[in-house]
Amino acid sequence: MPLNYQVVKNWSIPDKQQTYELRDTIIYNLGIGAGLTEPPEEVELDFVWEDRLKPIPTIATVLASGDPKWIYHPKSTITWAKMLHAEEATQWHAPMEPAGTVIARSVVEEIYDKGAQKGAFLVLRRDLYDSGDHRHLATLRSSLLLLADGGFGGMAAPPKPIWDVPAASDPDFSLDLRTRPEQALIYRLSGDHHPLHVDPQFAKTAGFERPILHGLATYGIAARAVLRLLCNNEPARLHRLAARFVSPVYPGETLTTDIWTVASGAAAFRCRVGGRIVVSNGVAAIGGKR
């Protein structure tokens with residue numbers, strides 16, 4: 001059955017509310033490797049100690065993230081078994097708090113047709129609000145590559161500026177951040193229970209030698225590098241982070257984030273494991289504290 005554009009584009013996704021505590025923030029921060037330094041550095045305590053806790057702002061990606069079961073519903077017409085998380089972009093409008101209650105409102109923003117051989121891009125937009133004062137905390141866009149659902153007659157994706165690292169220059173900054181062998185087992189405690197990240201047999205069936213790290217965990221590790229290298233570990237200075245996922249990371253591997261400053265308050269970055277690029281087309285916007 002071909003993808004039904006009208007059905008998917010107009011799918012009603014219920015709002016979701018979540019109350020999270022300091023413990024949840026610490027678990028998220030640990031899930032993206034915070035505190036993993038030898039010996040422990042004073043600055044890392046800000047991300048793992050409740051007495052002075054700072055949420056790494058990419059926690060927005062897991063808060064009130066909604067129930068993805070609608071994607072698997074037969075009426076959605078999405079071939080979910082051939083779906084990949086391709087890109088993630090977050091714009092923060094206010095600082096994230098270490099604990100609180102949030103509400104998320106999600107919509108299918110658009111579906112772009114790349115053709116029958118290339119698939120389709122589904123852009124899912126989620127706006128996160130503080131439930132108390134209704135502050136708009138963040139706008140998140142997840143781009144899903146639907147490998148088997150192209151050719152439905154939809155519009156092609158409009159051209160957009162792609163930030164990439166300067167090909168002819170060395171990075172201005174680089175940082176190695178290693179991951180724990182059990183990193184995916186910790187990260188999944190923040191809500192992503194996909195068997196690809198825990199079940200060795202499922203991972204082999206999917207074509208991987210063993211369970212892989214969640215893409216959004218890699219995204220959070222990249223945020224940690226940007227925070228340390230460009231923001232003096234002040235989360236409120238990170239205003240935007242966007243990236244493309246191009247290769248899996250295995251728990252236990254060391255992630256190197258290379259950063260180029262390309263304009264005032266803007267940087268391009270990539271992440272690699274040795275010579276293998278795992279995140280490309282990264283862009284970060286840095287500003288003053290909000």
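User: Serine 76 first: buried or exposed, and at what relative accessibility?
Analyst: The cut-offs, for a 1.4 Å probe and protein chains only, are under 20% relative accessible area for buried and over 50% for exposed, with partly exposed in between. Serine 76 falls in the buried class because its relative accessibility is 0%.

User: What kind of model is this, and what pLDDT do side-chain atom pairs need?
Analyst: On bookkeeping, residues are numbered from 1 along each chain as its sequence is written, and side-chain values use heavy atoms, leaving out hydrogens and water. It's a predicted model, where totals for chains, interfaces and linings use all residues, local features need pLDDT of at least 70, and side-chain atom pairs count only at pLDDT 80 or more.

User: Which residues does serine 76 touch, beyond those up to four places away in sequence?
Analyst: Serine 76 is in the loop between H3 and S2; helices (H or I, at least four residues) and strands (E, at least two) are DSSP runs numbered from the N terminus. Contact here means heavy atoms within 4.5 Å. With sequence neighbours up to four places away set aside, serine 76 touches Val7, Val8, Trp11, Trp70 and Ile71.

User: Which backbone oxygen does the side chain of arginine 126 reach?
Analyst: Arginine 126 is part of strand S4 (residues 120-130), and at 9% relative accessibility it counts as buried. Its contacts outside four places in sequence include Ala60, Thr61, Val62 and Arg105. At 3.0 Å, its side chain reaches the backbone oxygen of threonine 61.

User: How far apart are the C-alpha atoms of arginine 126 and arginine 105?
Analyst: Arginine 105 is among the contacts of arginine 126. The two are 21 residues apart along the chain, but their C-alpha separation is 5.6 Å.

User: Which residue does arginine 105 meet in a salt bridge?
Analyst: A salt bridge puts a side-chain nitrogen of Lys or Arg within 4 Å of a carboxyl oxygen of Asp or Glu, and the whole structure has 16 of them. Arginine 105, in strand S3 (residues 100-113), is linked to a residue 90 positions away, in the loop between helix H1 (5-9) and strand S1 (16-20). Arginine 105 is partly exposed at 40%. With N to O at 3.2 Å, its partner is aspartate 15.

User: How far apart in sequence are the parts tied together by glutamate 44 and arginine 224?
Analyst: Their side chains form a salt bridge, 3.4 Å from N to O. Glutamate 44 is buried at 3%, and arginine 224 is buried at 5%. Glutamate 44 is in the loop between helix H2 (22-31) and H3, and arginine 224 is in helix H6 (residues 215-230), so the parts they tie together are separated in sequence by 180 residues.

User: Which residues make up the salt-bridge network that includes Asp46?
Analyst: Aspartate 46 bridges to arginine 52, with the closest N and O atoms 2.7 Å apart. Aspartate 46 is buried at 11%, whereas arginine 52 is partly exposed at 29%. The network consists of Asp46, Arg52, Lys54 and Glu234.

User: Which residue in S7 is the bridge partner of glutamate 88?
Analyst: S2 and strand S7 (residues 238-245) pair antiparallel over 5 bridges. For glutamate 88, the partner in S7 is alanine 243.

Terms used
Polar contact = N/O pair within 3.5 Å; in protein donor to acceptor, adjacent residues only side chain to side chain. Pairing = 2+ DSSP bridges.
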